[in-house]
Amino acid sequence: MSLPLTIENLTVHYQKKPALWGVDLKLEAGQIVGIIGPNGAGKSTLIKAVMDLLPLSSGVIKVFDKSFSKNRKRIGYMPQRESIDWDFPVNVFDVVLMGRYGHLKWFQRPRSEDIEKTWSCIEKVKLTPFANRQISNLSGGQQQRVFLARALAQESDLYLMDEPFAAIDSATETATIELFRELKEQGKTIIVVHHDLATARRYFDSLLLLNKQVVAFGPTQEVFTGDRLQQTYGGKLTILEDQSIAASAEPSIG
Ligand code: ADP
Ligand code: MG
């Protein structure tokens, strides 16, 4: 069976500054994978590189053994909150329906199955009463759920979620991780950029520790160690007395 994602020797520069270099990764299907690293570590850059949104300086990325463009339909993406224009005049239903466009030919109108799927995904994230509301008039947690519903509507096999838990309430966070687990039970692979070390051990089957290069990748219990985290965060990590591990107080942005 083909792997959901393989990356070989990926290097990405912005202008002349490297944001990622020499990244190798092979992901097995049917797991929830966390990407952890400090601000500016290249986490979003890695996700965007997989989504073919950036020019690569070097490297090869394959999604289910093929290039992104050949397997576009099999990938669902939720961008980082900051990169979405929340004032864009569009309602909940239409954002979720956009998730179906990969299933439609460009000249095709949404079919009844697309409309039904859109409604069922809106229901799944409990936004049915808000379906006609403009996305600007929703709470942070509701906005996040709109994009989650859109990703679900894509019916993908590989999901890339860039900080889905940023700026949401804990009930939404719990519901979201439950949804990820359901997707995993269906054999899907979910990659989640995450900034909260306190929950990382509970949420993820595997972890990628990233700081421009891969610091470590593997099963969470092997990778989530004080030494490796120190290596990833440099001096910015404080080991608390109760042995839990907290990142520096820096807010996660960008
Ligand atoms: P993370 O998501 O881990 O916080 P990013 O992938 O967003 O990190 O950014 C990695 C580095 O690349 C940072 O130093 C950031 O400032 C820089 N960077 C990101 N996007 C751009 C861009 N469009 N132009 C120039 N530099 C960028
Ligand atoms: Mg980011």
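Biologist: How far is a polar side-chain atom of Thr-45 from an oxygen atom of ligand 1?
Modeller: In this model, which is predicted, a polar side-chain atom of Thr-45 sits 2.5 Å from an oxygen atom of ligand 1. Ser-44 also contributes a polar side-chain atom, which lies 2.9 Å from an oxygen atom of ligand 1, while for Gly-40 a polar backbone atom is 2.9 Å from an oxygen atom of the ligand.

Biologist: And how much of ligand 1 does the protein bury?
Modeller: Taken alone, ligand 1 exposes 560 Å², and the protein buries 65% of that area.

Biologist: How many residues surround ligand 1, and which are the closest?
Modeller: There are 13 residues around ligand 1, and the closest of them are Gly-40, Gly-42, Lys-43, Ser-44 and Thr-45. By type, the shell divides into 4 nonpolar, 7 polar and 2 charged residues.

Biologist: Which strand and which helix each supply at least two residues of that shell?
Modeller: Those are strand E2, covering 17–27, and helix H1, covering 43–50. H1 gives the most to the shell around ligand 1, with 3 residues.

Biologist: Staying with H1, how many of its residues are buried?
Modeller: In H1, 7 of the 8 residues are buried, so the helix is largely enclosed by the rest of the structure. The buried residues are Lys-43, Ser-44, Thr-45, Leu-46, Ile-47, Ala-49 and Val-50.

Biologist: Changing topic, how many salt bridges does the structure hold?
Modeller: The structure holds 9 salt bridges. One of them joins the side chains of Asp-157 and Arg-74, with an N to O distance of 2.8 Å. This pair links distant parts of the chain, 83 residues apart, with Asp-157 in the loop between H5 and E6 and Arg-74 in the loop between helix H2 (68–71) and strand E5 (75–78).

Biologist: Why do Asp-157 and Arg-74 count as partly exposed?
Modeller: Asp-157 counts as partly exposed because its relative accessible area is 25%, and Arg-74 falls into that class because its relative accessibility is 30%; the class runs between the limits of under 20% for buried and over 50% for exposed.

Biologist: Where does Ser-156 lie, and is it buried or exposed?
Modeller: Ser-156 lies in the loop between helix H5 (140–153) and strand E6 (158–162). Its relative accessibility is 0%, so Ser-156 counts as buried. Leaving aside neighbours within four places in sequence, Ser-156 is in contact with Lys-73, Arg-74, Ile-75, Gly-76 and Lys-188. Arg-74, one of those contacts, is also the salt-bridge partner of Asp-157.

Biologist: Which helix holds both Arg-181 and Glu-178?
Modeller: Both lie in helix H6, residues 170–185, where they are 3 residues apart, about one turn of the helix. Arg-181 is partly exposed at 29% relative accessibility, and Glu-178 is partly exposed with a relative accessible area of 41%.

Biologist: What do the side chains of Lys-184 and Asp-205 meet in?
Modeller: They meet in a salt bridge, at 3.0 Å from N to O. Lys-184 belongs to helix H6 and Asp-205 to the loop between helix H7 (197–203) and strand E8 (206–211), so this pair ties together parts that are 21 residues apart in sequence. Lys-184 is partly exposed at 24% relative accessibility, and Asp-205 is partly exposed at 28%.

Biologist: Which residues are linked in a network of salt bridges?
Modeller: The network links Arg-100, Arg-111, Glu-113, Asp-114, Lys-117 and Glu-155.

Biologist: Where is the place of Lys-117, and what is it in contact with beyond its neighbours within four places in sequence?
Modeller: Lys-117 is placed in helix H4, residues 112–124, and it is partly exposed, with a relative accessible area of 24%. With those sequence neighbours left aside, Lys-117 is in contact with Arg-100, Leu-152, Ala-153 and Glu-155. For Leu-152, which is 35 residues from Lys-117 along the chain, the C-alpha atoms of the two residues are separated by 9.1 Å.

Notes
Residues are numbered from 1 along each chain as its sequence is written. Chains are lettered from A and ligands numbered from 1 in the order in which they are written. This is a predicted model: local features need pLDDT of at least 70, side-chain atom pairs count only at pLDDT 80 or more; totals for chains, interfaces and linings use all residues. Side-chain values use heavy atoms; hydrogens and water are left out. A residue is near a molecule or strand if one of its heavy atoms lies within 4 Å of it. A polar contact is a pair of N or O atoms within 3.5 Å; within protein, one must be able to donate a hydrogen and the other to accept it, and residues adjacent in sequence count only if both atoms are side-chain atoms. Accessible areas come from the Shrake-Rupley method with a 1.4 Å probe; for residues, only the protein chains shown count as cover. Helices (H or I, at least four residues) and strands (E, at least two) are DSSP runs, numbered from the N terminus. Ala, Val, Leu, Ile, Met, Phe, Trp, Tyr, Cys and Pro count as nonpolar, Asp, Glu, Lys and Arg as charged, and the others, Gly among them, as polar. Buried means under 20% relative accessible area, exposed over 50%, partly exposed in between (1.4 Å probe, protein chains only). Contact means heavy atoms within 4.5 Å. A salt bridge is a side-chain nitrogen of Lys or Arg within 4 Å of a carboxyl oxygen of Asp or Glu.
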